[in-house]
Amino acid sequence: MNKAHNLYIHVPFCMSKCNYCAFYSVACQSPDWTKYADAICKELDFWAEKLGKINIPTIFFGGGTPSLMPVSIFEQIIDCINRKFSVNKDCEITLESNPGTLDKEKLSGFVQNGVNRLSVGVQSLNDMELKFLGRRHDVKTAMNLLENAMNIGLRVNADFIYGLPNQSVQNVVDLCKGINTLGLSHVSMYELTIEANTPFGKMNLDMPDNEEMAQMYNMIPQVLSLPRYEVSNYAKPGSECQHNVNVWSGEAYIGVGQGAAGRVYFNNAWFEQRGNWELFNEISDDVRATEKILTGMRTMRGVKLSEDVKNKLDFDWINSHKDLVEKTGEYLHTTNTGLLILDDIIVDIVK
Ligand code: SF4
């Protein structure tokens, strides 16, 4: 029996493009959903043939805007997964969503078909900011969706963006205080980054400088009532996103859909799989160990010191930089000081 694989299913459609977005997604008001579902099921068939009836611990529908998908299409894809694989009984099934695309009835349709975790792109608690970001919803619509999702018993995440032009550290403190009133068990806080091929990339925006950004970043865990468990993610212990935790800790995952990437394990080897499922390259155990360090060190728990990981780490550097990295049990992780220069540390700790 082959290893268990987590599933990531990419849904590449959005109602329109947000001003900051460099993700792979297309603005399309009426996608050909049947064609989409057929393509996804074909890819799933391919992997089932290759890997057999493997266990699936988590399924993550990411986008784009997966909540745009008709429930019948979601059902078709889930049926296909259930027929081809052995989906764990307690499988976490996440659906990414945008406010304004998911009313109570549609949400309950997704839940009836297995969704047990909803991630909502709230982004801001200020209507002017939402408009500026090019979001289609307002705060009230977002709050309704969060409320509906919690009432129906889902585990709920909300995504937020901070570090907007002219935003002050105090604004971010106020944002966190506002988030604390929402009763969420999981929050993602992303710093606004300006990407070249986006509307924001073509504007000359007055962004907070690096020092202000660092102050905002440091302020978040001091005000937010949820502990940070990864660079951008905060959760009540036990409410972490299991899919991401599995991927970050080096478990195998399949990316299905054009914008998806995966790390697949078969024939005793790791394969990189990106975009098109027919294209995948074998990656050495060495490269895989380095990847585990890159993702593991982004988590507060750190990277597990398994033999392959230990072989790739520079312990001379680690032992002489105890202010930046430390060992707790079987894990190596950054200190609070180290977290701020994580990208530099990762270069230094890998041999
Ligand atoms: S909804 Fe998300 S994926 Fe779609 S354009 Fe906006 S940021 Fe990008």
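Trainee: How many Å separate the centres of domain 1 and domain 2?
Mentor: This is a predicted model, in which local features need pLDDT of at least 70, side-chain atom pairs count only at pLDDT 80 or more, and totals for chains, interfaces and linings use all residues. Residues are numbered from 1 along each chain as its sequence is written. The domain assignment (automatic or from a database) gives domain 1 (6-245) and domain 2 (285-351). Taken over C-alpha atoms, the separation of their centres is 28 Å.

Trainee: Are helices α1 and α2 roughly parallel or roughly antiparallel?
Mentor: The axes of α1 (residues 33-51) and α2 (residues 71-84) come within 10 Å and cross at roughly 10°. Axes are lines fitted to C-alpha atoms, for helices over the stretch in contact, and angles run from 0 to 180 degrees between N-to-C directions. Angles under 35 degrees count as roughly parallel, and over 145 as roughly antiparallel. The two helices are therefore roughly parallel.

Trainee: What is the handedness of the crossing of α6 and α7?
Mentor: Helix α6 (residues 169-180) and helix α7 (residues 210-223) pack at about 25°, with axes 9 Å apart. That makes the pair roughly parallel. A crossing is left-handed if the near helix is turned anticlockwise from the far one by less than a right angle, and right-handed if clockwise. The way α6 passes α7 is right-handed.

How values were computed: Helix = DSSP H or I, 4+ residues; strand = E, 2+ residues; numbered from the N terminus. Parallel < 35°, antiparallel > 145°, perpendicular 65-115°, else oblique.
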